[in-house]
Structure formats: structure tokens, C-alpha cells
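Morning, everyone. Please bring up the structure on your screens, and we will walk through it together.

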Amino acid sequence: MGLFDRLRGDGDPRVAFIGVDGVPYSLLSENEELFPNFAALADDGTAAEISSIVPPESSACWPSLTTGMNPGETGVYGFQDREVGTYDTYVPMGRDVQADRVWDRVQEDGRKATVMNVPVTFPPQRDVQRMVSGFLSPGLDKAAYPDDVRDYLETLDYRIDVNPKLGHQADKSEFIEDAHATVDAQYEAFQHYIDEDDWDLFFGVFMTTDRVNHFLFKDYERDGENKDAFIEFYQKVDDYIGRLRDSLPDDVTMIVASDHGFTSLDYEVHFNEWLRQEGWLSFGTDDPEELGDISDDTTAYSFIPGRFYINLEGREPHGSVPEDEYDAVRDELKADLEALEGPNGNKVVERVVEKEEAFRGDHDDIAPDLVAIPNKGFDLKSGFKGDSDIFTTGPRNGMHSFDNTSLYIDHPEATIDDADLFDITPTILDLLEIDYSRGDFDGASLV
């Protein structure tokens, strides 16, 4: 029992959300003997596979999970987004999220929130009692609010993220050591502020799971040399989930969730090179380095992960596709994507989603026209250098998936049925007994 619990005694319900970025539900549910704390969460409450969002990319997923809204409302579609009316791109940060986060609604209700290591929250908000920004933060010195948080975290050798370059080494031992040190320090920080802070919502994310998956997941799925190291890392995560759960007072509901699933990676697919070779994309220079180098002859171009834009007249600066040809051109591109096969003869794309199906809101003017959801084994890239192969391999052997996303709710009245990321924020608000309008969200409460 934490200090704040001894001081409050007001009986208001509370929620502790712990994110485990990229953890597939099958990994946990098929290995209950290895991960007993996740199994206990499922037994005492409820757990199931849920769906991610379109596209299943962390920079888009976390804004949607923490707002209950699709990228057309959040304004964030991926790690790189496009400025309206130009080919200029930018990396979306916390201030680019155009919808209220769940902790904003908690604060507006007169309650308190502690937020730690959530991706796409830099710079830290100063209207919550405590925030440590996560993925995309340039460093701890500017990522922690208030300032004394940084001072404490430095005593733990806290780090926002692992060093992903270590994963590029053939010998993964240094990367694995760094992953352990990262999750150790984050657990210590989470436990400290769970115990010390007066909070109604604690919201913390372990992103190291995603990093480990990117470099070791195929070892787990296909009995590679680092399978034991992968399992040992996840047993530590399971132990930390159990410790955090055991420390929570009885009036706190624990939720554990991932933002997307994971699967083994066989090929990286460089779609702008594919578009170039198929006649959809041409560059105005011999050495293209960015989107601004595309020529007036371009019909379509791509952003990661699997986002495709028609080079539309009146929308793009060098638009070449008349508006009255848009539907026909998009249908043709969709058909070509659906027919694409990899070197192994397997279809690259599981399905192609049209923008009207996935996005709606004030910011759908920068939405991709099509989003390809890959089949297992094909990691969808873009790239603007016109000299690469379409299908390549690299140091990563794991990739995101739309399905197999994890959700655990330690509450007897929760029911997970055909759920997705959009359902998590209204569920948290219901558990906190905070009023909202049902139409505020693309999801619905699971309680």
C-alpha cells in the first residue's frame, strides 16, 4: 500500500494502466506456465486478443489508444506525416496529437494522473501532476516534469529507450543486456511513483518489449539461437507485472495492453522502389533523397508502414491525377498491391484498406488514400532512394501485426469481445466513473 493510499481514504476508484508495446497475445496465452502473472491476470479478470488500428505503427497507435479516436481525429498517421498542401514531412510529437488524451479528461474531472514513458508525448505536459515522455524524446533532461523527477530518474540510470543500434550487431548479447537494464530502471521508476504519488490514473508504458521483438522475435517463433534469451527477458517483464499488481491497493483496477501484435519478419518491402519499377513513381533527380524529388509524372508514392498516396491534382504540389480519375487510379493501385507476391511466392499484402473505411475527422486531409496491411513476414517500408531492391533483409527479424494485440483487464465485470484499441480509453473512464458522451470515441467501454 502506497503513501497516497494511506492519506486519501476517499473511496474513488482508480486505474493503473501498464503498456507492453508490441506484445502479441499468443505469446502470453500459449505459454501460461512461463508467464504466471499474466495468466493470473487473465484468470482473475479477463484477457483476449484485440485488434490494433490502421496502420499498426506505434506512433499512430499510442495517440489512438490514449484518446479512443482514429488518426483522422488525432492527426497522427505514423512515424512520418505529410504537411497539408506540400510534400514536406515531419515527425509527429506530443503537441501534434489533436485530441484529448485520457489523462486530460482525468485532470479536467478534478482528478490526478501520473504518466510515464508513453510514446509520442514529448514535450511533457505541464497540466498533469507528473509526466516522463517516452519514445521520440531527445533525452531525459527535457522529457521529465517536474524537474525533480529527472533528478530522481538519473539515480536509477533511467533511459527512455534501448540503444537500437546494438540490435544491428550479429551478436545480440550487448543489445539484450541493454534491454534488461532499460526495463529494470523503468520498473523501478514505475514502482516508485505508484507508491509515492497521489494519483487516480497511473499510465506507464514499457516500450522495450517492442525493441526486443524487432530483433529476437523470429528466434522465439522459429527456435533461433536467441530463443532462451527472449523467453528470459519476457519472464522478467511478467515478474514486474506481478510485482506492480501486488503493490496496488484494492480500489485500483489494473489494465495491461499492447498497441499492436508481432510476427516474424522475412522480407522488408521497399514500396517506393516497387512503385518506380511498376511505373507509378518517377523521380526528378538521379539521386533522390526525399519526397520533394518526385517528378510531375508520378501517379502514387508511399510512406511507412504501407501508406499510399495518389498524386492528386489540387492536393499535391505536382499533382498529376485529375480528380475525376481518382477512383479508377486508386482501384488500379489497390488491385496491383493485392496481387503482389514476394520472392517466396506468398502474397505480400493481406488486405488493402481505403481511407474512407479507416479514417474520419478534422485531419483526414493528410490521410493516406490506401493502407496495405501486410501478410506475415513482409515488413512494409518506403524509401526514396531509387537504387534499392524491392525485397531485402536486414538485422530485424520481427515486425508489427494488426492482429494479436493483447488486452488484460483485472475487473470481474469486464468483457472483451471483438475489441480494439479505441475501446481502452472509454473503458478507463468508465472504471474511474468519469462522465463522457458515447459519441466522443470511436470505441466503447468494455465494462
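One definition before we start: two strands pair if DSSP finds at least two bridges between them. Also keep in mind that this is a predicted model.

Let's begin with strand 6, residues 130-133. On one side, strand 5, residues 113-118, pairs with strand 6 in the parallel sense, over four bridges. Val115 stands opposite Met131. Met116 stands opposite Val132. Strand 7, residues 144-145, is joined to strand 6 by two bridges, and that pair runs antiparallel. There, Met131 stands opposite Tyr145.

Are the faces of strand 6 covered or open? Both are covered. Arg130 and Val132 are buried on one side, Met131 and Ser133 on the other.

Next, helix 3, residues 36-44. Phe38, Ala39 and Leu41 are buried here. Why do they lie on the same side of helix 3? Because they cover an arc of only 155 degrees around the axis. The cover over the buried residues of helix 3 includes helix 2, strand 2, helix 11, strand 9 and strand 18.

On to the cores. In soluble globular proteins, nonpolar side chains tend to be buried together. Here, the largest nonpolar core has 55 residues. Ile18, Leu153, Phe202, Phe230, Ile241 and Val256 touch the most other members. Take Ile241. Leaving aside residues up to four places away in sequence, Ile241 touches Ile18, Val20, Phe38, Leu41, Met254 and Val256.

Last, a helix pair. Helix 10, residues 208-221, packs with helix 11 at an angle of about 145 degrees. Their axes are 9 Å apart. The crossing is left-handed. Helix 10 makes the contact with residues including Thr208, Val212, Leu216 and Tyr220. From helix 11, the residues in contact include Lys227, Phe230, Tyr234 and Val237.

That's the tour. Questions are welcome.

Conventions: Residues are numbered from 1 along each chain as its sequence is written. This is a predicted model: local features need pLDDT of at least 70, side-chain atom pairs count only at pLDDT 80 or more; totals for chains, interfaces and linings use all residues. Side-chain values use heavy atoms; hydrogens and water are left out. Buried means under 20% relative accessible area, exposed over 50%, partly exposed in between (1.4 Å probe, protein chains only). The arc is that of the directions from the helix axis to the C-beta atoms. Contact means heavy atoms within 4.5 Å. A nonpolar core is a set of buried Ala, Val, Leu, Ile, Met, Phe, Trp, Tyr and Cys residues joined through side-chain atoms within 4.5 Å. Axes are lines fitted to C-alpha atoms, for helices over the stretch in contact, and angles run from 0 to 180 degrees between N-to-C directions. A crossing is left-handed if the near helix is turned anticlockwise from the far one by less than a right angle, and right-handed if clockwise.
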